[in-house]
Amino acid sequence: MADEARLIAAAGRGDRDAFEELVGRRQERVFWTAYQVVGHFEDARDVAQHVFLRLWQVLPRYRPGWSFDAWLHRITINLAIDACRRRRARPEIGDSHAAEAVAAPGAGSPFRDQRQREIQGIFLVLARKLSPRQRAVFVLKEMNGLETAEIAEIMKLTPSTVRNHLHQARKELRRGLARDYPEYLPPGHTAEEEP
Amino acid sequence: MNAGCREVVDWLELAREGRLASSLQARLRDHLNSCPGCRQEERDTEPLGIFADLTRGELPAGVENYILGGLRVEEDRPEAVVWSSASIWPALASLAAAAALVVVWATSGGAAVTPGTDVWLEAHAMDDAVATVEDIRSPTAEVLALSLPEPAGGRTEVILIVDGSIDL
């Protein structure tokens with residue numbers, strides 16, 4: 001996208017208007033990706049802010065030909081996983097993200113409808129059982145549509161490890177859906193095992 | 001699940017992505033036909049789909065201003081305070097293969113970094129040498145560091161600029 005390449009180049013030279021335009025184009029994906037990994041509104045907001053601060057600092061190093069989205073994903077995922085670890089290291093602050101999705105003060109609903117809001121809440125609850133890396137792999141794969149090889153490059157894991165994290169995440173989420181929210185199991189999927 | 005099953009399970013996602021070699025597709029089908037455990041695994045690890053749209057919502061109110069507010073506080077690209085630790089040198093010694101002065105920035109988000117923690121290092125201020133951020137896994141810490149494309153001989157100086165602390 002030539003227009004975007006120009007924006008990236010201008011932002012790298014210190015053009016703040018170009019950078020804010022770039023932020024505007026990517027902030028939703030960055031925030032929601034961070035939110036699904038960290039599972040907490042304030043932390044996700046902080047991660048998104050830090051992602052773009054970091055981007056502003058390192059954009060002069062960007063070279064045409066690099067995948068900008070992969071670069072942004074890597075910054076986002078690394079900061080989100082760091083945020084997960086900090087939160088887990090401070091149990092005294094609790095894990096306050098309840099099923100009410102994105103309970104920001106005064107927030108309007110970012111969701112298309114009530115069902116989407118419910119699905120968000122279900123994911124927050126069930127994903128607590130996943131490790132930060134499992135969450136990150138699942139989010140990149142099933143929500144952002146990346147391929148295993150891309151995720152492996154972004155997260156510096158082997159493709160086999162990515163597939164393993166993905167399988168563990170899907171199994172855990174499927175088990176949780178079958179147990180607590182069977183009405184949300186995808187059509188044709190059942191909780192029963194083969195005899 | 002035996003070793004053969006584990007191999008087959010690893011193929012499932014490759015097959016879903018259309019990347020499994022045709023010679024292995026037949027083996028995968030044969031194995032699934034004869035192994036109830038792997039058929040169950042196949043079902044258990046199918047894409048879920050219902051969560052697919054969760055990174056596509058609009059921003060909640062206030063988030064855009066929060067992000068931009070943080071950016072506007074940073075009038076310029078920051079001049080970081082240099083903090084260096086000799087104890088990091090062994091971890092980076094394998095990188096010391098080029099002549100350019102490399103300045104890397106490590107940020108731990110203000111929290112102490114203990115062994116085993118991912119430390120994010122990135123280019124912050126350096127001359128025009130092109131660098132690539134990549135993983136370096138040392139015995140004492142898991143870090144990201146810079147590698148320079150072509151060793152030019154001589155010695156690389158590495159200065160760590162740390163926001164937070166490294167506790168090794």
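Modeller: Happy to. Let us begin with contacts: two residues are in contact if their C-beta atoms, placed from the backbone, lie within 7 Å. Of the contacts in chain A between residues at least 6 apart in sequence, 62% join residues at least 24 apart. This is a predicted model, where local features need pLDDT of at least 70 and side-chain atom pairs count only at pLDDT 80 or more, while totals for chains, interfaces and linings use all residues. Residues are numbered from 1 along each chain as its sequence is written, and chains are lettered from A in the order in which they are written.

Chain A has eight helices and zero strands (helices are DSSP runs of H or I, at least four residues, and strands are runs of E, at least two, numbered from the N terminus). Buried residues, those with 20 or more other C-beta atoms within 10 Å of their own, make up 43% of the 195 residues in chain A.

Now to the core itself, meaning a set of buried Ala, Val, Leu, Ile, Met, Phe, Trp, Tyr and Cys residues joined through C-beta atoms within 7 Å. The largest one has 59 residues, and A:A34, A:A48 and A:A80 have the most contacts inside it. Helix α2 of chain A (residues 16-38) gives the most to this core, ten residues. Domain 1 (1-90) and domain 2 (112-195) of chain A each supply at least three residues to this core, with domain bounds taken from an automatic or database assignment.

Leaving aside residues up to four places away in sequence, A:A34 touches A:A44, A:V47, A:A48, A:T76 and A:A80. Another core, of six residues, lies apart from the largest one and includes B:V8, B:V9, B:W11 and B:L12.

Technical notes
A residue is buried if 20 or more other C-beta atoms lie within 10 Å of its own, exposed if 12 or fewer, and partly exposed in between; C-beta atoms are placed from the backbone.
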